[in-house]
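Welcome, and please load the model in your viewer before reading on. We will go from stop to stop, and at each one you will hear what to select and what is there.

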Amino acid sequence: MATLIYRPEYAGYDFGPEHPFTPARLSMLLDLIHSLGHPTSPVAAPAATREEILSVHDEAFVAMVEALDRGEARPEAEQFGLGTPDNPIFPGMDLAARWLVGGALHGARLLIAGTDTRVLQLGGGLHHAQKDRAAGFCMYNDLAVAIQACVDHGWRVAYLDIDLHHGDGVQSLFYGNDRVLTISLHETGHYLYPGTGHIQELGTGSARGLSVNIPLEPFTEAESYLEAFEAVVPRALAEFSPHVLVVQAGADAHFADPLGDLALTTQTFQALHRRILELAEAHTQGRVLVTLGGGYEAQVVARVWTILYLTLMDLPVPEDLPQDWLDRWQHLLGPEVGRTLHDPIPAYPELPGRAERNRRNQDVVARLLDSLVRYWL
Amino acid sequence: MLVKEMMRSPVTVISVEATIGEAFQLLQDRGFRHLPVVDQGRLVGILTDRDLRFATSSFCHTPRTAEDPVSGAMSSPPLTADPLDPVEDAARIMREHKIGCLPVVDGGELVGILTGMDLLDALMILTGVTKPSSRLEVALTDRPGELARLTAFLADRHVNIHSILTYPSPEAVRTVLRVASNQIRPLADDLRTAGFTVLWPIAKPWQH
């Protein structure tokens, strides 16, 4: 069982109808969980305060968010990553982002207090937000605020990011902090946003070796992804021996995601979610804080994150999607949605070049490990 | 990007009257591989660690000793660059002559040195991106206005371009952009609809 953190205000983090990071994803997700016969009783966490945001962000950046939120015209907004196609300005955005940060922070505090060992924050995962700028749909870095709270408590924190994109914001905020291990698996930045997350980014100073990046070839499939995961993640956690695991569980590495090129299936995600819980049992006495993240195909994210929820709650994963849910959301689900919670097998036609892709991923992992063992010995 | 932006300055030099042993020690102490040789302030040659090793090798016809003057081991006269030369011109000279550095001379005075390492720095600055971005690769027809059409398309969508590189290929001008957007696939779809040939991102095999 896990504690679920959610409140309706999360839907206020909304960049508008044309933007892929839409809160409709959360409504569909909750409705699917409920329709499967699992009523939820989420904890409604308070919004993070300005001071709590400032534990990781610059005051000038927060002041800019607040000014734009008040409707002030600021020509320098784009230097803070605000007012861009990725991060449009919308009224109420400061508080909307603070609700999300508050949820992750509350989750960290529940773990610190020992109230629970498993927490799922149903939202957030804004891993691109930087110290001094918004980026890639992310305004305030909820993950980093939660991690900082754990560090302030005296804990060593392992951060694991399975989003399609590199967790660049979290990485850079703790790049020189030897109390935080960041691990990110993602499609290689040679092509995909944000362009970072190369194996040479290893951390700095006393934190050298504590920034771990596993960049994967476009169209990487389950077998190669899980192989890379197993080659690096368990060993890194064992070397670091963290007190808590913070996970950004983005769903956009799914093959049908419109923004990326990795090719995982719902089955791969279920394997990953289970493995993450096993690793928490093995390395952090089960303590794990999980947030959502990227994921831009409605029918995919509802299914992947329902599987995440059921896994964290120790509930069985049923075969079929409820008909009433399909009927209610057909306008967003589109024709691609099947009748089952999992993807069909096979989920897509065979992709040419698999052997070459897998070999390249193996080479990348070997190079990464060659660098890491120097710091692990 | 000009040579003066990427060159090292001031330059450590050695006098033409110095010995090979002194030159060796200087290269060793400072971690250099290239040493301009001057005669009363005027550049007269260039001495590399390779020159030193060859001149003192027993495989050489007339091996020099540590006490011999550097003039017997240096290359002279050296090829030089002007501080206002574009770095790509300096790169072409170094590539054509297979040499590792160019002393930079302005009005007869040695003002800096450009090495292969500095050209690697230049490459990283020219291609590197320090802000979050996605890679877009487009094949443009080699005729006036094509690049403008592409950048205007991006400007219309308010997409900021962090870097843009073009290079010729037999079929087309390959154009690689790093753009400040996380929504590269929808952008590529729009570009294709507008008639552009997008090389990356490619269409997914399972998309109809």
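**Stop 1**

Select chain B: of its 208 residues, 26% count as buried (a residue is buried if 20 or more other C-beta atoms lie within 10 Å of its own, exposed if 12 or fewer, and partly exposed in between, with C-beta atoms placed from the backbone). Before going further, note that this is a predicted model, in which local features need pLDDT of at least 70 and side-chain atom pairs count only at pLDDT 80 or more, while totals for chains, interfaces and linings use all residues. Residues are numbered from 1 along each chain as its sequence is written, and chains are lettered from A and ligands numbered from 1 in the order in which they are written.

Now switch to a cartoon view. Chain B has seven helices and nine strands (helices, H or I with at least four residues, and strands, E with at least two, are DSSP runs numbered from the N terminus). Its radius of gyration is 24 Å, well over the 17 Å that the globule rule gives for 208 residues, so chain B is more spread out than a compact globule. That radius is taken over C-alpha atoms, and the rule is 2.2 Å times the number of residues to the power 0.38. Along the principal axes, the C-alpha atoms of chain B fill a box of roughly 75 × 40 × 30 Å.

**Stop 2: two domains**

Colour residues 3–124 of chain B as domain 1 and 129–200 as domain 2; these bounds come from an automatic or database domain assignment. How far apart are the centres of the two domains of chain B? Taken over C-alpha atoms, they are separated by 41 Å.

**Stop 3: where chain B touches chain A**

Show both chains. Here 20 residues of chain B are in contact with 21 residues of chain A (two residues are in contact if their C-beta atoms, placed from the backbone, lie within 7 Å). On the chain B side, β6 (134–140) and α7 (184–193) are the elements that give two or more residues. The most come from α7(B), with three residues. By type, this side of chain B divides into 10 nonpolar, six polar and four charged residues (Ala, Val, Leu, Ile, Met, Phe, Trp, Tyr, Cys and Pro count as nonpolar, Asp, Glu, Lys and Arg as charged, and the others, Gly among them, as polar).

**Stop 4: backbone details**

Most residues other than glycine have a negative phi, and most peptide bonds are trans. Select B:Gln40, where phi is near 50°. B:Gln40 is in the loop between β2 (34–39) and β3 (42–48) of chain B, and it counts as exposed because it has 8 C-beta neighbours inside 10 Å.

Next, pick B:Lys98, whose phi is also positive, near 50°. This residue is in the loop between α4 (87–97) and β4 (101–106) of chain B.

Then go to B:Ser9 and B:Pro10, which are joined by a cis peptide bond with omega near -5°. B:Pro10 is in the loop between α1 (3–6) and β1 (14–15) of chain B.

**Stop 5: a residue in chain A**

Finally, select A:Tyr159 in strand β3 (residues 157–161) of chain A. Is A:Tyr159 buried or exposed? It is buried, because 29 other C-beta atoms are within 10 Å. Leaving aside neighbours within four places in sequence, its contacts include A:Leu143, A:Val170 and A:Val246.
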